[in-house]
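Trainee: I'm new to this one. Could you take me through a close look at a single part, the biggest nonpolar core, and then show me what lies elsewhere?

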Amino acid sequence: MIEFKNVSFKYAGGKRQCLKNINLKIKEGESVLICGDSGCGKTSLTRLINGIIPHYYEGDFGGQCLIDNIATNEMTLEKISYKVGSVFQNPKSQFFTTDTTSELVFGCENMGFSEEEIFLRLEKTAKELEIKKLMARNIFELSGGEKQLVACGSISCSNQNIVVLDEPSSNLDFQATKRLEKVIKTWKAQGKTIIIAEHRLYYLKNLIDRVIYMKDGQIKKEMSGEDFFELSDNEALNKGLRILNLKSLENIKIKKKSFKDDKSVKIRNFKWFYKNKKGIDIDNLTLPSKGVVALIGENGAGKSTFSQIMAGMIKVGTVEMGNKVLKAGDRIKSSFLVMQDVNRQLFTESVLDELFLSMEKEDEKLAQDILLEFDLVKERDSHPLALSGGQKQRVAVADAKASARKIIIFDEPSSGLDYSHMKQVAGMMQAMAKEGKLVIVVTHDPELILSACDYVVEIHEGRVKTKYVLDERNKDNLIEFFKNDYVRKERSKMNVKKEKNKKNTWMTLTAYGGKWQWMIYLSLILSATSTVLGIIPYINIFEILRQLVSKLPDMEKIVNQAYMVVLFMVLSAFTYFLAITFSHLFAFHIETGIRTSMMKKLLKLPLGFFCNNSSGKLRKIIDDNASLTHDLMAHHTPDISGAAVFPIAMLIILFKFDFRFGLVSIIALLMNIVFMIPMFAGNNKEYVKKNLEAQEEMSSAAVEYVRGIPVVKIFQQTVYSFRAFKESVDNYAKFAMGYTKMARKWMVLIMISTNFVGIFMTITGIVLINKAFEVEKIVPLVLFYVLFTTLCLSYFTRLVQAGKNFATASEVVKKLEFIENAKSQTFGKLSKVEDCSIHMENITFRYDSLSEKVLDNFSIDIPAGTTLALVGESGSGKSSIACLIPRFYDPEEGIVKIGNVNVKDYSREALMNAVSFVFQNHHLFKESILENLKEGKPDATNEEIMEALKKASCEDLIRKLPDGLGTKIGSQGVYLSGGEEQRLLLARAFLKEAPILVLDEATAFTDPENEHLIQEAFRQLRKGKTTLMIAHRLTSIIDADKIAVIKKGKVAEIGSHEELLKKNGIYKKMWDEYKSTAKWKVKRKENMAC
């Protein structure tokens, strides 16, 4: 049970009491709605229940809030969290992890439940809330509704008996709200106590037992849920409440609208796509220059993207207003965007200063008028972020009013607003429109649209589905949209699923062409036109042949027909030339798009992906496969268009003059097709795939062979030393020869059937002549059908070749999707590492190519500023441990933390800036030494560079080089020894000055002289840094703070050098063996035979 006894509260620094003498009891299992206007105290009441007041928000607190007869101010937040779960207006504010599954079980883990119990709870929650499809997803890629479901799911997993929801539907579309309703219904059936503070009310009917109506921090009225939802529209409006039933939308009156096209706003080329292909694709859109435009559509339709383009934040498209064309840069200066999450655009210390910030010139009188208009006078000197959600929303809208921009864009401006304040915002929008501003509103709120908007644009899957003036006649369209939103959304999902299943090679490839896709469609039209133009002359040729064999040929008619042949042939050739031109241009755009897209993807993949996939294989996939698509798009795509039109025209022509010759032609064509099928059917169906795989294997082996040529020369080995390369060549040759031998008999039959067309036609003609047909009628037919059937065969050959290339392209797409679908790493938003201690907890890790675990339940801590050395036999997991810190790989299970923060919560930049690496394999680029050093710190000064070189003992090395720091490394400059390269890498690490240092066998290939210098540099570099060292030379790690012996993926021993020697264990044995090997000497054997 929950009980409030004489509760009063005022926030620290606040000007007024937000709660006054609250007395309330909520029974166990009861569902209670708390409603009222913005700032009435709803949110503060919920904060008392979940303990945020007074444990987080401090202030003057009086009375008691009791849960199970214990005061919340006497309990810790941890104890309260066992009893109370919370769902906030913005679910992002309560997420602690970056993936959904981790977030769902976060509470359970903190409560100390066993792994089995957590798993059972997770399965139960996923089934009850129907959220299995949301598991193991990146939270930042979810829609608002999906995020809210995850927040609800985390409560279900933790299974608290009390659930507090603070305006949970304010940012949701109707479909997401429907899902939220279903979740609350599930909780109610489970007997949970539910408290909801909300402005959007219609979806709560049949869910609420009791309603608490608040005003000015006091409870003004209590009533049953049944009585509350029986209130009339006027009674609800008088209390400042939003509609209680969607049917009430029909009662909202709309003023008559009229727009003149001569003052319209013209939007062009709003095209932008994200990686998931969602975005916006609008060629042209005309809006009224004066008025309020509502932008509606389901979540993910592209509304927010449209807003960002309109505001100039995404730099595409143009907007024509009056006589001016506004590009992206112009729109930034001319527009004001009120974001959905207003916390991101409130910057100052007071509401008044916030208004001044939006004005071109501070005007206190105007600011005071705006404060009065938006009921913010009392909050004038309050900090914007200390206000309620609805009040912050009004401040952001007031900022828009204060700006002098021509275009005002609102993204969900009524979020968290009660009825009266929603009407205020609506009135302000209308006033702005009358001043000549273009006001665009992105919203899921039908009340706001009906109260404020003049025009509606519905966006569906990035395109304009419909647009209309919002008047009484069209009001039903809008209401129907919102009433049917849930059903429509579900159907849309099914259609999207079907479309995904239908997605083919053509769609995938053309998508890489981006905005140039129109070129290939124009090419298809031109190619089809060329085909038709190329067939027409054969009709003229038949007329010429008939005249030539007639007894009295009409020469004038022959000449005219000849002119027509030439004309149509020229037109056909010219049209085909244009088709090929456009298809070639588009093919180049596709190649560019593929390479660009693949490179962007590769930059986001973890290092492990490149370890498992050779550079030769990746080069083949990206470069060679991109080139393979060129022939398909440049030549065969236009041919397919022509071939698609040709059969219809072919049948008409074949049977136009004589059906008997037409049948003979059809038989000849069918014979060709029958002979072609075996080459691409049955066991040969996978030919294209196997051919590409063989080429890929050969390419990969060739690259690896070329890289190994220096080793081959040093050890005087032949090409057979690289057995993989020769075997790949032999495999490809064997495969190609086998297919060629199989296909030769069918190619012979195809050639025979093609070349015997003339014989077949002649035989047919002779048979017909013998049956008393006139020779002068038969001869033209024979000649014509020989010519035309040959043309038909050439088109079918084109079609088969194009089909083969499409099969090739299909395999190319699969290869590209191999990279596209590779799992990218997602990073958090923490921009700086504060604490540099490292903690690895229960890590399980294996490489994708291995079934055996490399690390098994591995845990270790490295305090900030200390050095931990890892030793152990090769393959024990030492390098794998090092690679997990900078997220070259992610563990299968367990958590890697830097400063008690999961490494996944840091941004990529933060992680890379915090860690320096020096590996046994040197990574110097083929550029100057200066440029190589600056990779660690691009803005480094000359003094900093020289100091780093001095610390790394590189001064003598730089002095002896021909161009000093400007000396290039590689074939165009100098080659350095392994030790010299290692010292330069150390200089780069000194220059970077990262607080965490990873040294993986950094002295493995150095000579004794260089090793001494490098060890001295290491000692300087490690000072004050958290260091992880991996070494086989034990003398290099004896001064480490701790040494861990790794065996089969686990810590076998740990301690300092002296402590481990005293244990007389694995490390002591390794140390004794190392000392004994250090005494080995190479002696000359006397009397050796020469």
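Mentor: Let's start with a term: a nonpolar core is a set of buried Ala, Val, Leu, Ile, Met, Phe, Trp, Tyr and Cys residues joined through side-chain atoms within 4.5 Å. Buried means under 20% relative accessible area, exposed over 50%, and partly exposed in between, using a 1.4 Å probe and protein chains only. Keep in mind that this is a predicted model, where local features need pLDDT of at least 70 and side-chain atom pairs count only at pLDDT 80 or more, while totals for chains, interfaces and linings use all residues. Residues are numbered from 1 along each chain as its sequence is written, and side-chain values use heavy atoms, with hydrogens and water left out.

Now the core itself. The largest one has 102 residues, and F228, F410 and M429 touch the most other members. Its largest share, 8 residues, comes from helix α15 (residues 419-434); helices here are DSSP runs (H or I, at least four residues) and strands are E runs of at least two, numbered from the N terminus. Domain 1 (2-251) and domain 2 (265-484) each give this core at least three residues, with bounds taken from an automatic or database domain assignment.

Zoom in on F228. Skipping neighbours within four places in sequence, F228 is in contact (heavy atoms within 4.5 Å) with L33, C35, L201, V211, M223, L241 and L244. Another core, of 41 residues, lies apart from the largest one, and its members include V871, L924, L949 and F990.

Next, hop over to helix α1 (residues 42-49): 8 of its 8 residues are buried, so α1 is largely enclosed by the rest of the structure. Among the buried ones are K42 and R47. Just after α1, G51 takes a positive phi of about 85°.

Finally, have a look at T575, which sits in helix α21 (residues 555-603). T575 is buried, at a relative accessible area of 10%. A polar atom of the T575 side chain lies 2.6 Å from the backbone oxygen of L571. Leaving out neighbours within four places in sequence, T575 is in contact with L526, T529, S530 and L533. An unreviewed UniProt entry lists residues 518-542 and 562-590 among its transmembrane regions, and such annotations may be inferred rather than shown by experiment. In the model, residues 518-542 are 100% helix, with end C-alpha atoms 38 Å apart. Residues 562-590 are also 100% helix, and their end C-alpha atoms are 42 Å apart.

Technical notes
Polar contact = N/O pair within 3.5 Å; in protein donor to acceptor, adjacent residues only side chain to side chain.
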